[in-house]
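Dear colleague,

Please find below the structure that I am handing over to you. My notes on it follow directly after.

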Amino acid sequence: MIIDLAKFVAEERPHWTELETVLKRLETDPAHVLALEDVKRLHHLYQRASADLAKIMTSASEPEIRRYLESLVARAYGEIHETRRSPHRLAPLAWFFRTFPQTFRRHLWAFWLSLAITFGGCAFGGLALHLDPGAKRVLMPFEQLQGDPAQRVAREEKARKDRLAGAKTTFSSFLMVNNIKVSITAMALGMTWGIGTIILLFYNGVILGAVAVDYVDAGQAKFLMGWLLPHGAVEIPAILLAGQAGLMLGRALIGWGTRASLRRRLREIGPDLVTLIGGVAVLLVWAGFVEAFLSQYHEPVLPYSIKIAFGVTELVLLTLFLTRSGLQRVGGGS
Amino acid sequence: MKTHTLLIQTPEGIAFPLLLASPVTRMLACTVDLVVVIATVYLIGVLVAMVGWIAPSLSLGIHLLAYFAITIGYGIATEWLWRGQTLGKRLLRLRVMDAQGLRLQFSQIVIRNLLRFVDGLPAFYLVGGLASLLSPRAQRLGDLAANTIVVRHPAMAEPDVDQLMAGKFNSLRDHPHLVARLRQRVSPAEAAIALQALLRRDEFEPAARVGLFGQLASHFRSLAAFPLEAVEGLTDEQYVRNVVDVLFRARGERAASADKSGPTAAVPYPGV
């Protein structure tokens, strides 16, 4: 087939321009919904451009037109074959109060697993410290926790000066950044078939269990609750949720209980992972504020009962939020 | 270096290759991005230091948060705004794409950027670099999880045919119907080989040069037979030069003449 390229380009050019205009509109405004006629027209233009590309593919002298058509067909291909719905409007409130808890409930198995692993770590750490108090240095590699709990409590309760005075914002920022980093790592380590996530969760559990037993053995359970609960009631569940995301990723990699291909499995959980880790970040910002501004104050400045009550309230609210929020929508949908 | 390509095939029977970016190019782009991030953080540090005169704790806190938000958010924001490109990727003509040629989703961008935490382990992107060296589609772990690839759009230089011909007379032009036949029968790859052979003609050994142009000329002669008066006295190299001239130059002239008549002017090439 010999084609008169000049004539060919002159005839087809208006169709390419039209296709380009439609594509540009679709790409810049994802919320735009095409009418049936427009969809038919788009499909026609796409097929026409594809046919033109096939005609020009073998021509030695038109590399630019070929590249232009390739790019056009590639863009149209992406638009036409894309079946995933893209979120077209920023709706942070709906996302946090509806999508986030719904996503959490959809993958509840991973949360229970995450919780079980952390509990396992707690039990191990607590037991180890209880049986061998000398192992403290190994179990809790933090300078401020090395001393005797009773002495620390006495020191903190005697303190009349606010040692965080003027440094609270910095401290809370540091906590947020650090905790969000740990959470992202917990999720990202899911890429090691979940093994990294499991190790991280277990290790966190070991530290938590060891600290708890250390204080309880020293008879300072009340101080411990007052110290850990206000921020821990949000922070610990947040890390568990990050672990949940990591385990989901690990499972998608392994492919338990599904016959879908690896690519498809990863594609399916992608948005859920992003939702979970986003929600975790929000929770950790809250926990960071509480830890810096509230948790470090003890009796007589702040009665333990108030701190404990505050922590318990947070935990109840968080549980209600995760189990109830956005529930009607799910019921209606199914 | 080995370059991989990924072939995207559409149900319409169209297939086009995507050039996958090599780990080295990606590392260069990453370095550029790192410099940008450090510079931005430094700038914010200077600004925040002014707040520091009033509230030192607040300024340090803001700095910490800003540093974190920028290191994580930079890749996500730029890749989302520029459809898969950061500043470094723009410079090196790289682009993140969906591995199936579909539209890049926000969640894919977030996942591939958050998984840098694993790809960056234990230092200097060792895990990610190894993964992209070993993976058939040059993906690091983040790309695998997000189902994305990074492709390269090399700048295509216009062949400088004028430099080859420099106002010489081309006897083949007197036979437009044969030129048309030649242009229709020569494949893009063949034309590119002939052009490259001409551009590098001085780098060959004399014997190899004669042999190469002899082969090329006999191939082109077999595609379209020009009458004797057009090719008489032409060496093989001159023959190939004339062929390349009619193959490539015709386009420029047509575009110029079309400029006057309207819509067939040179087609702009937008990004994917």
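**The interface between the chains**

In this predicted model, 56 residues of chain A are in contact with 52 residues of chain B, two residues being in contact if their C-beta atoms, placed from the backbone, lie within 7 Å. The elements of chain A that give two or more residues to the side touching chain B are helix 1 (5-28), helix 2 (36-56), helix 3 (63-81), helix 8 (168-188) and helix 11 (262-295). Helices (H or I, at least four residues) and strands (E, at least two) are DSSP runs, numbered from the N terminus. Helix 3 of chain A provides the largest share of that side, 14 residues. By type, the residues on the side of chain A that touches chain B are 29 nonpolar, 15 polar and 12 charged. Here Ala, Val, Leu, Ile, Met, Phe, Trp, Tyr, Cys and Pro count as nonpolar, Asp, Glu, Lys and Arg as charged, and the others, Gly among them, as polar.

**Conventions**

Residues are numbered from 1 along each chain as its sequence is written, while chains are lettered from A and ligands numbered from 1 in the order in which they are written. As this is a predicted model, local features need pLDDT of at least 70 and side-chain atom pairs count only at pLDDT 80 or more, whereas totals for chains, interfaces and linings use all residues.

**Domains**

Chain A is assigned domain 1 (5-81) and domain 2 (92-327), with bounds that come from an automatic or database domain assignment. The centres of these two domains of chain A, taken over C-alpha atoms, are 52 Å apart. For chain B the assignment gives domain 1 (5-152) and domain 2 (161-261), and 45 Å separate their centres, again taken over C-alpha atoms.

**Cores and helix 5 of chain A**

The largest nonpolar core has 111 residues, of which Ala49(A), Met187(A), Leu273(A) and Ile277(A) touch the most other members. Helix 10 (residues 221-254) of chain A gives the most to this core, with 18 residues. A nonpolar core is a set of buried Ala, Val, Leu, Ile, Met, Phe, Trp, Tyr and Cys residues joined through C-beta atoms within 7 Å. A residue is buried if 20 or more other C-beta atoms lie within 10 Å of its own, exposed if 12 or fewer, and partly exposed in between, with C-beta atoms placed from the backbone. Leaving aside residues up to four places away in sequence, Met187(A) touches residues including Leu273(A), Ile277(A) and Leu114(B).

The buried residues of helix 5 of chain A include Phe111(A), Ile117(A) and Leu129(A). Among the elements that cover the buried residues of this helix are helix 9 and helix 10 of chain A.

**Strands and backbone details**

In chain B, strand 3 (residues 94-98) and strand 4 pair in the antiparallel sense over 5 bridges; two strands pair if DSSP finds at least two bridges between them. Met97(B) stands opposite Ile149(B) in strand 4 of chain B, and 4 of the 5 residues of that strand are buried.

Most residues other than glycine have a negative phi, and most peptide bonds are trans. Asn147(B), however, has a positive phi of about 60 degrees. Asn147(B) lies in the loop between helix 7 (141-146) and strand 4 (148-152) of chain B and is buried, with 22 other C-beta atoms within 10 Å. Trp193(A) also has a positive phi, near 55 degrees, but counts as partly exposed, with 15 C-beta neighbours inside 10 Å. The peptide bond from Leu121(B) to Pro122(B) is cis, with omega near -20 degrees.

With kind regards
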